[in-house]
Amino acid sequence: MYVCLCNAISDKTLREVVRRYQPKSIQQLRQIVPVGKQCGKCIRDARAIMDEEMQHAPQYTEIA
């Protein structure tokens, strides 16, 4: 399903980006994917998807 209609960004794309880059905030997510840069109606859904994916993402720790 499309989350951001203005920029044609799907929930699948958002989930993949969150899993790969693990942004700490919606601002960091917006630097990677242009979600919410036009009308802004998708920010709430994007934040919910980000929060959901971050709960399931493994936490990486630096080893050195």
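**View 1. The largest nonpolar core of the predicted model.** In this predicted model, the largest nonpolar core holds 16 residues, of which Ile 9, Leu 14, Leu 29, Val 35 and Ala 46 touch the most other members. Two or more residues of this core are given by each of the elements β1, α1, α2 and α3, and the largest share, 5 residues, comes from α3. In soluble globular proteins, nonpolar side chains tend to be buried together. As for the confidence of the prediction, the mean pLDDT of the protein chain is 89, with 89% of its residues reaching 70 or more.

**View 2. Surroundings of Val 35.** Which residues are in contact with Val 35, leaving aside its neighbours within four places in sequence? The contacts of Val 35 are Cys 4, Ile 9, Leu 29, Arg 30, Cys 42, Ile 43 and Ala 46. Among these, Ile 9, Leu 29 and Ala 46 are listed, together with Val 35 itself, as residues of the largest nonpolar core that touch the most other members. Ile 43 and Ala 46 are also buried residues of α3.

**View 3. Helix α3 and its buried face.** Helix α3 spans residues 43-56 and has the lowest mean pLDDT among the elements of the protein chain, at 93, whereas strand β2 (residues 9-10) has the highest, at 96. The 14 residues of α3 reach 20 Å from the first C-alpha to the last, which is close to the 20 Å expected at 1.5 Å a residue. The buried residues of this helix are Ile 43, Ala 46, Ile 49, Met 50, Glu 53 and Met 54. Seen down the axis of α3, these buried residues fall within an arc of 130°, so they line one face of the helix. An α-helix has 3.6 residues a turn, so residues three or four places apart point the same way. The buried residues of α3 pack against β1 (2-4), α1 (11-21) and α2 (26-32), while the face turned away from the buried side carries the exposed residues Arg 44, Gln 55 and His 56.

**View 4. Helix α1 and the residue that follows it.** In α1, the buried residues are Asp 11, Leu 14, Arg 15, Val 17 and Val 18. Viewed down the axis of α1, they fall within an arc of 165°, so they line one face of the helix. These buried residues pack against β1, β2, α2 and α3, and the face of α1 turned away from its buried side carries the exposed residues Lys 12 and Arg 20. After α1 comes Gln 22, whose phi is positive, near 45°.

View 5. Side chains of opposite charge can pair when their charged atoms come close. The count comes to 3 salt bridges, and Arg 15, Arg 19, Glu 52 and Glu 53 are linked in a network of them. The side chains of Arg 15 and Glu 52 meet at 3.3 Å, N to O, and this pair links distant parts of the chain, with Arg 15 in helix α1 and Glu 52 in helix α3, 37 residues apart. Arg 15 also meets Glu 53 in a salt bridge at 2.7 Å, N to O, a pair that joins α1 to α3 across 38 residues. The side chains of Arg 19 and Glu 53 meet in a salt bridge at 2.8 Å, N to O, and here Arg 19 in α1 and Glu 53 in α3 are 34 residues apart.

View 6. By contrast, Glu 52 counts as partly exposed at 37% relative accessibility, and Arg 19 counts as partly exposed at 47%.

View 7. Not counting residues up to four places away in sequence, Ser 10 touches Met 1, Tyr 2 and Val 3.

How values were computed. Residues are numbered from 1 along each chain as its sequence is written. This is a predicted model: local features need pLDDT of at least 70, side-chain atom pairs count only at pLDDT 80 or more; totals for chains, interfaces and linings use all residues. Side-chain values use heavy atoms; hydrogens and water are left out. pLDDT is the predictor's confidence in each residue, from 0 to 100. Helices (H or I, at least four residues) and strands (E, at least two) are DSSP runs, numbered from the N terminus. The expected span of a helix is 1.5 Å times one less than its number of residues. Buried means under 20% relative accessible area, exposed over 50%, partly exposed in between (1.4 Å probe, protein chains only). The arc is that of the directions from the helix axis to the C-beta atoms. Contact means heavy atoms within 4.5 Å. A salt bridge is a side-chain nitrogen of Lys or Arg within 4 Å of a carboxyl oxygen of Asp or Glu. A nonpolar core is a set of buried Ala, Val, Leu, Ile, Met, Phe, Trp, Tyr and Cys residues joined through side-chain atoms within 4.5 Å.
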